[in-house]
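Trainee: I would like to learn how to read a structure feature by feature. Where do we start?

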Amino acid sequence: MIIEVRKNIEASELEAMAMKYKAIVVEDYDRKLLVGSSSAKTIDTKDERHIEKHWVFDNDMQLSSRKFMPNTRNISIGNFTTGKDETILIIGPCSVESEEQLEQTASLIQKCGLKSLRAGAYKPRTSPYSFQGMGLEGLKLLAKMREKYGFSIVTEVRDSTHADAVIEYADVIQVGAKAMYDHGILRTCGKARKPVLLKRGFGTTIQEFVQAAEFILSGGNPNVMLCERGIRTFETKSRFTLDLCGVAYLKEHTNLPVILDPSHAMGYAYGVPDLARACMAMNVDGLLIEVHPDPSVAKSDASQQLNHKQFEELLNSLRPIAKAVGRHIV
Ligand code: PEP
Ligand code: MN
């Protein structure tokens, strides 16, 4: 249940109501909310004088629901705002590898007229013997690109040891599929105000995914975007299975902008352009596509990254699809 309390409520009364309804107090823009379990369905008539409005729900997807907020949230990334008629293309290499590599990526982004650069400085790898990312040095290189080219920087937090550094350097904080369940990270992101790109854990249901977003929203950060990046199924020919049905559900039932990541879902560059076109046709707020100046030497996710020529060809083919669904690409 979500209760919007009247603006003139005394702090002690608010605290008493929070206790009574076992609710979290959330500052939502200019209003105060009490957000408790969806199992609570009724309010005590004695409390009505403190209540502006209240909502009841079938499940704990509450702050994220269209029942609570009918329109898709407007989250700003530089000049781009979600929930409008633009789709942001978030591109870049899987990992920051060198300044030269980022300069090459920056040239591509500029040439394409795009505005954001994504690369990981802290990589959540499945083996401890693989490249783990450049760490703080990588964050500094990304910040240098922002200063030089004005790009918005999207980069991921792998664990809570460097969460504050990522929050400081990034314009958009990416929480990866493996970190989606890390409540330390979710709660830290809840205290931040910067937009969070929350990726779906590959073994999680839509309900679990959206509830992870609720940790950030109820922590006080209203700027959460959901990223579908493929789930694990019985199929092994592609790396994961992109859940476009899930995306249709998220668009219908949640107020959170949706970003689609065909690169990690497919795992192989040959499938990414077709999949990216299908994603664009889903009329979503953004696409995340991995590109690398020379994917054959990439230090992570080498098999799925597009080279720059492949990306430019893809971008040309995405524009008419964007137009057909009433969007334009930024
Ligand atoms: C990534 O975006 O490079 C990444 C590691 O993705 P995911 O968390 O979806 O596996
Ligand atoms: Mn990657």
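Mentor: Start with burial. Buried means under 20% relative accessible area, exposed means over 50%, and partly exposed lies in between, with a 1.4 Å probe and protein chains only. This is a predicted model, where local features need pLDDT of at least 70, side-chain atom pairs count only at pLDDT 80 or more, and totals for chains, interfaces and linings use all residues. Residues are numbered from 1 along each chain as its sequence is written, chains are lettered from A and ligands numbered from 1 in the order in which they are written, and side-chain values use heavy atoms, with hydrogens and water left out.

Trainee: Is Tyr149 buried, exposed or partly exposed?

Mentor: Tyr149 has a relative accessible area of 23%, so it is partly exposed. Phe151 is at 4%, so it counts as buried.

Trainee: How do I read aromatic rings?

Mentor: A pair of aromatic rings is described by the distance of the centres and the angle of the planes. Rings of Phe, Tyr and Trp (its six-membered ring) pair if their centres lie within 6.5 Å; planes under 30 degrees apart are stacked, over 60 edge-to-face, the rest tilted. The count here is 4 aromatic pairs. In one of them, Tyr149 and Phe151 have ring centres 5.4 Å apart and planes at 10°, so this pair is stacked.

Trainee: Which lysine has its charged end over the ring of Phe57?

Mentor: The rule first: NZ of Lys or CZ of Arg must be within 6 Å of the ring centre and within 35 degrees of the ring normal. Lys67 sits over Phe57, 5.6 Å from the ring centre. Lys299 lies over the face of Phe131, at 5.0 Å from the ring centre.

Trainee: And sheets?

Mentor: Strands of a sheet pair through backbone hydrogen bonds, either parallel or antiparallel. Here, two strands pair if DSSP finds at least two bridges between them. Helices (H or I, at least four residues) and strands (E, at least two) are DSSP runs, numbered from the N terminus. The chain has 10 helices and 15 strands.

Trainee: What is the strand order in the open sheet of 4 strands?

Mentor: The order is β2-β3-β1-β4, with antiparallel pairing. β2 (24-28) and β4 (51-55) are at the edges with a single partner strand each, so one side of each lacks a neighbour in the sheet. Strands β1 (residues 2-5) and β3 (residues 31-35) run antiparallel, joined by 3 bridges. Glu4 has Leu33 in β3 as its bridge partner. Helix α1 (residues 11-20) packs on this sheet and touches β1, β2, β3 and β4. Contact means heavy atoms within 4.5 Å.

Trainee: How do side chains sit on a strand?

Mentor: In a regular strand the side chains alternate between the two faces of the sheet. On β12, Val224, Leu226 and Glu228 point one way, Met225 and Cys227 the other, and all are buried. With 5 of its 5 residues buried, β12 (residues 224-228) is largely enclosed by the rest of the structure. Strand β11 (residues 196-199) runs parallel to β12, joined to it by 4 bridges. Lys199 stands opposite Cys227.

Trainee: Where is Thr82?

Mentor: In the loop between β6 (80-81) and β7 (86-92). Thr82 has a relative accessible area of 0%, so it is buried. Beyond neighbours within four places in sequence, its contacts include Met225, Pro257 and Asp285.

Trainee: And for the chain overall, what share is buried?

Mentor: Buried residues make up 56% of the 330 residues.

Key:
Axes fitted to C-alpha atoms, helices over the stretch in contact; angles between N-to-C directions.
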